[in-house]
Amino acid sequence: MLVFILLILIWSVYIKRNIGEVAFIGMIVVSLFGGSRAAELLLGGIKYALSYEVLFASLAFVFMSFLLQSTSVLQGMLKIFNRLFRKMKGGPAYVNTAISSFLGMLSGGNTPNAATSGAFTAQWLLSTGWKREQAATLIAANGGLGAGFPPSSSLFIVLAFPTVAGAVSEGQLYIALFLTGIYQVIWRVVYIHYIIRKNHIVLPETVTDEPWSSVMKTAGKNLLLFLGAIIPVALNMGPLSDLIAGRSEVWKAAVDSINILVWIPILMIAIILALGWKDIREKFHSREQFVEELIPHFSSTGGLLIFVFAASNIISKLGLSEDIVQILNSMSLSKVATVVIILILVAVVAGPLSSTATLTSIGVISHAILVSVGIDPLAAATAILVVASTEGASPPASGALFVACGLTECDPPKIFMPLIKWFVLPITCIAVLVCLGILPLPR
């Protein structure tokens, strides 16, 4: 496992190559620890990855994100957010947080999240009294909501953990991560209020109001996109689900067969196509052009997830998790101490690495250790995802950090400590409280 972690660190940080490449190399290296069983473990891991339904869901979300960027649906949502928040003190900060949350529920990318929300709000923040360092800190930190809200590549990786599969359903983890995403948003609201009071930010003297009727007439149809998430979740759990399942065993089996991680992107893709078909036809002059621009979005993510799922399966068969658990048990750490140490370790690794690379390298072991000391598997999985989402706020190698600094013309080192103080440490504390059951999760 140490070799696996070092491979990812060296390849990603020093060689600066694609994370998919090191996931492939790591998969092979991990299998070699099986000795004469190496080929068997490698082939078994690849077979497991290719037959894993979560792989389809992850690639579907990549496709959905590509379509979203190619249509005016996102601009329509921005228009609604602007109308909703611009009369509030610190309005652009709330808009940035809302957009980042919205994108987090769609694409799951931290750096694209910061780039998209920041492109709309960076100069708006500066013009309303935010200092460059403060604006860059908020934009970079909000980028982390890409992994802080479901769905995300990180969520798919955690679902493949051997200690998660079978113990936690896709729906349970989806809803739990959504709730902790709300916890993170609440903390960001606290930060925004602090900056508003510190900088004495006031409402602008003149605000041009477009009537809600006009906003909804031109952009309201884009709210239909939320139905893509609402319908599968409502059919999967809650009163409507219980009502339908109660009709007969056949209906119950039908409801139980609904996988929200599969149906959410399918429905959202259908809605985006319906709302933005004209935009797509205008942007892409041929099917060949559409495919040429789409394929690069699949190549890195698809390869990464296949190799990560395969490596996770190999690790499970090798029993490395049990070895680490035995070592920690011999140290006789208390439950609270173990939780704090493990989550701090995840936060530290998320500094130089992305959330996906962090979970690839130490996620399996971290979850196994937390479960071994009595932490609920759902709480442990959610807490690890929460901490890994600090990638957007973790110096020194966060892509969201440098995007935010570019948008605000801020010197990156100036926001290292503010990010750690205001986001990395508090979000890690949120994860600790989730693990210990102090912050509740839905069941």
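Arg37 counts as partly exposed because its relative accessibility is 35%, where buried means under 20% relative accessible area, exposed over 50% and partly exposed in between, for a 1.4 Å probe and protein chains only. The residue is found in the loop between helix H2 (19–32) and helix H3 (38–50), helices (H or I, at least four residues) and strands (E, at least two) being DSSP runs numbered from the N terminus. Although Arg37 and Leu318 are 281 residues apart along the chain, their C-alpha atoms are separated by 9.8 Å. The model is predicted, so that local features need pLDDT of at least 70 and side-chain atom pairs count only at pLDDT 80 or more, whereas totals for chains, interfaces and linings use all residues. Residues are numbered from 1 along each chain as its sequence is written, and side-chain values use heavy atoms, with hydrogens and water left out.

Across the protein, 23 helices and zero strands are assigned, and 52% of the 443 residues count as buried. Among the contacts with a separation of 6 or more, 80% are accounted for by residues 24 or more positions apart, contact meaning heavy atoms within 4.5 Å.

Helix H8 (residues 132–143) packs with helix H7 (residues 110–127) at an angle of about 150°, the axes lying 8 Å apart; axes are lines fitted to C-alpha atoms, for helices over the stretch in contact, and angles run from 0 to 180 degrees between N-to-C directions. That angle makes H7 roughly antiparallel to H8, given that angles under 35 degrees count as roughly parallel, over 145 as roughly antiparallel, 65 to 115 as roughly perpendicular and the rest as oblique. On the H7 side the contact includes Asn110, Ala114 and Leu125, which belong to the set that meets residues of H8 including Arg132, Leu138 and Asn142. By class, this contact of H7 with H8 has seven nonpolar, five polar and one charged residues, where Ala, Val, Leu, Ile, Met, Phe, Trp, Tyr, Cys and Pro count as nonpolar, Asp, Glu, Lys and Arg as charged, and the others, Gly among them, as polar.

The axes of H8 and helix H11 (residues 170–198) come within 12 Å and cross at roughly 175°, and the two helices are therefore roughly antiparallel to each other. Here Gln134, Thr137, Leu138, Ala141 and Asn142 in H8 meet Arg188, Tyr191, Ile192, Ile195 and Lys198 in H11, a contact whose residues divide into five nonpolar, three polar and two charged. For helix H6 (residues 91–104) and H8, the axes come within 9 Å and cross at roughly 20°, and H6 and H8 are therefore roughly parallel to each other. In this contact Ala93, Asn96, Thr97 and Ser100 in H6 meet Leu138, Ile139 and Asn142 in H8, with three nonpolar, four polar and no charged residues.

The structure holds nine aromatic pairs, rings of Phe, Tyr and Trp (its six-membered ring) being paired if their centres lie within 6.5 Å, with planes under 30 degrees apart counted as stacked, over 60 as edge-to-face and the rest as tilted. The rings of Phe284 and Phe290 have centres 5.1 Å apart and planes at 80°, so the pair is edge-to-face, and both residues are buried. Ring pairs also link Trp130, Trp187, Tyr191, Tyr194, Trp422 and Phe423 into a cluster.

Leu436, in the segment after helix H23 (416–435), touches Val336 and Val339 when residues up to four places away in sequence are not counted.
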